[in-house]
Amino acid sequence: PPDGFMGCGASAKPTAQPGEKSEGDANETKGQAAPRKLMEIPAEVDIDKALEALGITESQIAEACKVAWQETDNDNNGYIDKQELGECLDRVLSQIQQNQKNLVELPDKKAREQGIEDAMRDLDKNGNGQLEKEEFFVFVKMMLIMVKSLVVPHGSS
C-alpha cells in the first residue's frame with residue numbers, strides 16, 4: 001500500500017510527518033519498508049464519503065451493520081470481543097478469497113493476530129477492551145469499502 005496508509009480507526013492519528021520518527025522506523029531496514037497492518041485505509045479517507053463514492057447506500061450500510069452484529073455477537077452480551085472480531089474478520093477474508101478466485105492471499109496466523117490486535121486498539125475508542133455497536137459499525141463500514149474496492153465488474157479492463 002502507498003505511504004500514508006494506517007490502521008483501522010477512522011479517526012486514528014496520522015502517520016509521522018517527514019523528519020519525525022514513527023513507530024515503523026525501528027522496524028525498517030535499509031531498502032525495506034516496515035510491514036503494513038492487515039486492514040489499512042488512507043488516513044485522510046472519510047469512510048462515509050468513500051462508501052457513497054462506491055455506490056453503497058445508507059440502507060445497504062444499515063442492513064450490513066445489522067446482519068454483521070447479529071452474526072458476530074455470539075454470546076448476545078451487547079459487545080464484540082477480540083475473539084468475535086477475529087471470527088468476523090475470518091469470515092470476511094474467506095469470502096473475499098472465494099469471490100476473487102483465490103487471487104487474494106489470506107494473512108498468516110501472526111499477521112491475522114496482529115491485525116485483530118490493531119483493529120481492537122484502533123476501534124475501541126473508550127478503551128474497555130470490547131466493541132460497542134457504533135465502534136463495530138466502523139469496522140463493518142471498512143470491510144464494505146475493502147470488499148467493494150476488490151470487486152471488479154465483469155467486462156472492465
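## Aromatic cluster and nonpolar core

Phe 136 comes out as buried, because its relative accessibility is 0% and the cut-off for buried is under 20%. This is a predicted model, so take what follows as a tour of predicted geometry. Phe 136 is a handy place to start: it belongs to a ring cluster with Trp 69, Phe 137 and Phe 139, and it is also among the residues that touch the most other members of the largest nonpolar core.

**Ring pairs**

- The count of aromatic pairs comes to four.
- Take Trp 69 and Phe 136 to begin with: the ring centres sit 5.7 Å apart and the planes meet at 65°, so this pair is edge-to-face, given that the label needs an angle over 60 degrees.
- That pair ties together distant parts of the chain, with Trp 69 in helix H2 (residues 58–72) and Phe 136 in helix H5 (residues 133–150), 67 residues apart.
- Trp 69 is buried too, because its relative accessibility is 9%.
- Trp 69 also pairs with Phe 137, and here the centres are 6.4 Å apart with the planes at 80°, so this one is edge-to-face as well.
- Phe 137 has a relative accessible area of 16%, so it goes down as buried.

**The largest nonpolar core**

- This core has 27 residues, and the ones touching the most other members are Leu 85, Leu 131, Phe 136 and Phe 139.
- Helices H1 (47–53), H2, H3 (82–99), H4 (109–123) and H5 are the elements that each give two or more residues to the core.
- H5 is the top contributor, with seven residues.

**Around Leu 131**

- Which residues does Leu 131 touch, leaving out those up to four places away in sequence?
- The list runs to Trp 69, Gly 78, Tyr 79, Ile 80, Leu 85, Met 120, Leu 123, Asp 124 and Phe 136.

**Out at Glu 134**

- Glu 134 sits in helix H5, as Phe 136 does.
- Is Glu 134 buried or exposed?
- Glu 134 is exposed, because its relative accessible area is 62%, where the cut-off is over 50%.
- From Glu 134 to Leu 123 the C-alpha distance is 9.4 Å, and the two are eleven residues apart in sequence.

Methods: Residues numbered from 1 in each chain as written. Predicted model: local features only at pLDDT ≥ 70, side-chain atom pairs only at ≥ 80, totals over all residues. Heavy atoms only, no water. Phe/Tyr/Trp six-rings, centres within 6.5 Å; stacked < 30°, edge-to-face > 60°. Helix = DSSP H or I, 4+ residues; strand = E, 2+ residues; numbered from the N terminus. Buried < 20%, exposed > 50% of the residue type's maximum accessible area, 1.4 Å probe, protein only. Core = buried A, V, L, I, M, F, W, Y, C linked by side-chain atoms within 4.5 Å. Contact = heavy atoms within 4.5 Å.
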